[in-house]
Amino acid sequence: MYYKVNGVTQRLTGAPASSYNPQGLRPSVPPVSPPIIFASPTKLVSETRSQVEYMGANRVQEMQKLFQKADGVPVHLKRGLIDRLLYRTTMGLTVGGVLYCLMALYIAAQPGNK
């Protein structure tokens, strides 16, 4: 059931469905549905014929052998010099950041000059 405001009593009263039109608008159906924007595939069939050429070789088994080797080296250092440089740089920046934070806290804790 639909409701509308009675102009005299300013209360809601029941109304038939035929008299319901909010703010004077009539329900309408668009004559033509809008076109679908993404209806076509993004690549042509001729472009997707060989996907292997840009995916590269599958090296999962090689990496599994390398990382699962029991040689006592942590996983994050198993690939050699570059891994060691990245690890040491990260550790140095972390320690430096902690020291800088502690220094900043010490300076902030000092009483100010009046």
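Visitor: What makes up the secondary structure of the chain, and how many helices and strands are there?

Guide: The chain holds three helices and two strands, and along the sequence they follow the pattern β-β-α-α-α. Helices (H or I, at least four residues) and strands (E, at least two) are DSSP runs, numbered from the N terminus. This is a predicted model, in which local features need pLDDT of at least 70, side-chain atom pairs count only at pLDDT 80 or more, and totals for chains, interfaces and linings use all residues. Residues are numbered from 1 along each chain as its sequence is written, and side-chain values use heavy atoms, with hydrogens and water left out.

Visitor: Why is Lys78 called buried?

Guide: Buried means under 20% relative accessible area, exposed over 50%, and partly exposed in between (1.4 Å probe, protein chains only). Lys78 has a relative accessible area of 13% and is therefore buried. Its place is in the loop between α2 (60-67) and α3. Of the 114 residues of the chain, 4% count as buried.

Visitor: What makes the pair Lys78 and Asp71 a polar contact?

Guide: A polar contact is a pair of N or O atoms within 3.5 Å; within protein, one must be able to donate a hydrogen and the other to accept it, and residues adjacent in sequence count only if both atoms are side-chain atoms. The side chains of Lys78 and Asp71 are joined at 2.9 Å. Not counting residues up to four places away in sequence, Lys78 touches Leu66, Phe67, Lys69, Asp71, Val73 and Asp83, where contact means heavy atoms within 4.5 Å.

Visitor: Why does Gln10 count as exposed?

Guide: Gln10 has 57% relative accessibility and so counts as exposed. Gln10 is placed in the loop between β1 (2-5) and β2 (12-15). Its phi is near 60°, a positive value in a residue other than glycine.

Visitor: Why is Leu102 exposed, and in which helix is Leu102 found?

Guide: With a relative accessible area of 52%, Leu102 is therefore exposed. Leu102 belongs to helix α3 (residues 81-109). Together with Val95, Val98, Leu99 and Leu105, Leu102 forms a nonpolar patch on the surface.

Visitor: How do you know that residues 85-109 are helix?

Guide: The span is 100% helix and 0% strand, and its end C-alpha atoms lie 36 Å apart. The UniProt annotation "transmembrane region", from an unreviewed entry, covers residues 85-109. UniProt positions are given in the numbering used here, feature names are shortened, and annotations may be inferred rather than shown by experiment.

Notes. Patch = residues over 30% accessible without salt bridge, like charges linked within 9 Å, V, L, I, M, F, W, Y side chains within 5 Å. Areas by Shrake-Rupley, 256 points an atom, 1.4 Å probe, with all protein chains shown as cover. Salt bridge = Lys/Arg side-chain N within 4 Å of Asp/Glu carboxyl O.
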